[in-house]
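Subject: Structure handover

Hello,

Here is the structure I promised to pass on. Please open it alongside this email.

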Amino acid sequence: VPLGKGAKRAMAILAAMVLLLATGLVPPAVAALLAACALVLSRTVSVTQAYHSISWTTVVLIAGMIPLSTAFIETGTADLVAGWLLALIGDSGPHVALLALVVLTVVLGQLISNTATVLIVAPIAVSIAATLGLSVQPFMMALTVAGAASFLTPIATPANLMVFEPGGYRFGDYWKLGLPLAVLFIVVAVLYVPLIWRF
């Protein structure tokens, strides 16, 4: 909403949403939906503007990846990929297995939505942990960190995709700050996460 007509209403609605999120009175999704409805009902944003602002590509992509994640588990594909990954790294230990999983997540996360990436790789992480006889917690937490390291392309996260055109960004702009951040996230996922959630 530009700083003009309706800007004060928009700021008030935004403040109310942040207050709901901070206090935890309602789930985050409910707070966001209430704020979106308030924007439309207060005529700050028209129904047409609200409809066009939704990233339908992202919605369809994530919706399609949820059954794909289920299929990975049901068909045994997760176990198969986990077996290939473990055969590749050999008996190098849990940290190397974690590094391989994190790098796979970061690479996939640059090509498809980070949410979809986590849905795909999570069953593989569970299978690797079970095969090695280790706790699944460090693998899942590292996957969470690695899934958030989608900084290198505009298609990596919904936020990157939504600001790509309005912000006038180019594809290569995301690498400048994204690469050091991705490396930092990998280091945190592989070295710091297992200190908190033990193997």
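Below is what I found, from the overall fold down to single residues.

**Overall**

This is a predicted model. The protein has 199 residues, and buried ones make up 31% of them. It has 10 helices and 0 strands. From the N terminus, the order of elements is therefore α-α-α-α-α-α-α-α-α-α. Along the principal axes, the C-alpha atoms fill a box of roughly 65 × 40 × 35 Å. The protein exposes about 11,800 Å². Carbon and sulfur atoms supply 74% of that area. Take the contacts between residues at least 6 apart in sequence: 65% of them join residues at least 24 apart.

**The core**

The largest nonpolar core holds 27 residues. L101, V102, I124, I128, F139 and A142 have the most contacts inside it. Which elements give two or more residues to this core? They are α5 (77-89), α6 (94-109), α7 (114-132), α8 and α10. Helix α7 gives the largest share, 7 residues.

Leaving aside neighbours within four places in sequence, I124 is in contact with F72, A78, V81, A82 and L101.

S127 also lies in helix α7. Is S127 buried or exposed? It counts as buried, because its relative accessibility is 8% and the limit for buried is under 20%. With neighbours within four places again left aside, S127 is in contact with A78, D79 and A82.

Helix α10 covers residues 173-196. As noted, α10 is among the elements that give two or more residues to the core. There is also a nonpolar patch on the surface, formed by F171, W175, L179, V183, V187 and L191. Together these residues have about 570 Å² of accessible area. V183 counts as partly exposed because its relative accessibility is 47%.

In general, nonpolar side chains in soluble globular proteins tend to be buried together.

The structure holds 3 aromatic pairs. One of them is F151 with F185, and the geometry is edge-to-face. The ring centres are 5.1 Å apart, with 85° between the planes. F151 lies in the loop between α8 (137-147) and α9 (158-164), and F185 in helix α10, so the pair ties together parts that are 34 residues apart in sequence. F151 counts as partly exposed at 22% relative accessibility. F185 likewise counts as partly exposed, at 22%.

How many salt bridges does the structure hold? There are 2. R170 forms a salt bridge with D173, with the closest N and O atoms 3.5 Å apart. K176 forms a salt bridge with D173, and here the closest N and O atoms are 3.5 Å apart. K176 and D173 both lie in α10, 3 residues apart, or about one turn of the helix. Through shared partners, R170, D173 and K176 are joined into one network.

- R170 is exposed, at 56% relative accessible area.
- D173 counts as partly exposed, at 22%.
- K176 counts as exposed, at 62%.

V40 is found in helix α2. At 28% relative accessible area, V40 is partly exposed. What does V40 touch, leaving aside neighbours within four places in sequence? The contacts are V45, V47 and A50. V40 and A50 are 10 residues apart along the chain, and their C-alpha atoms are separated by 7.5 Å.

R43 is found in the loop between α2 (28-41) and α3 (47-53). R43 has a positive phi of about 60°, although it is not a glycine. R43 counts as exposed because its relative accessibility is 73%, and the limit for exposed is over 50%.

Best wishes

Terms used. Residues are numbered from 1 along each chain as its sequence is written. This is a predicted model: local features need pLDDT of at least 70, side-chain atom pairs count only at pLDDT 80 or more; totals for chains, interfaces and linings use all residues. Side-chain values use heavy atoms; hydrogens and water are left out. Patches are made of residues with over 30% relative accessible area and no salt bridge: like charges are joined within 9 Å, nonpolar side chains (Val, Leu, Ile, Met, Phe, Trp, Tyr) within 5 Å. Accessible areas come from the Shrake-Rupley method with a 1.4 Å probe; for residues, only the protein chains shown count as cover. A salt bridge is a side-chain nitrogen of Lys or Arg within 4 Å of a carboxyl oxygen of Asp or Glu. Helices (H or I, at least four residues) and strands (E, at least two) are DSSP runs, numbered from the N terminus. Buried means under 20% relative accessible area, exposed over 50%, partly exposed in between (1.4 Å probe, protein chains only). Rings of Phe, Tyr and Trp (its six-membered ring) pair if their centres lie within 6.5 Å; planes under 30 degrees apart count as stacked, over 60 as edge-to-face and the rest as tilted. A nonpolar core is a set of buried Ala, Val, Leu, Ile, Met, Phe, Trp, Tyr and Cys residues joined through side-chain atoms within 4.5 Å. Contact means heavy atoms within 4.5 Å.
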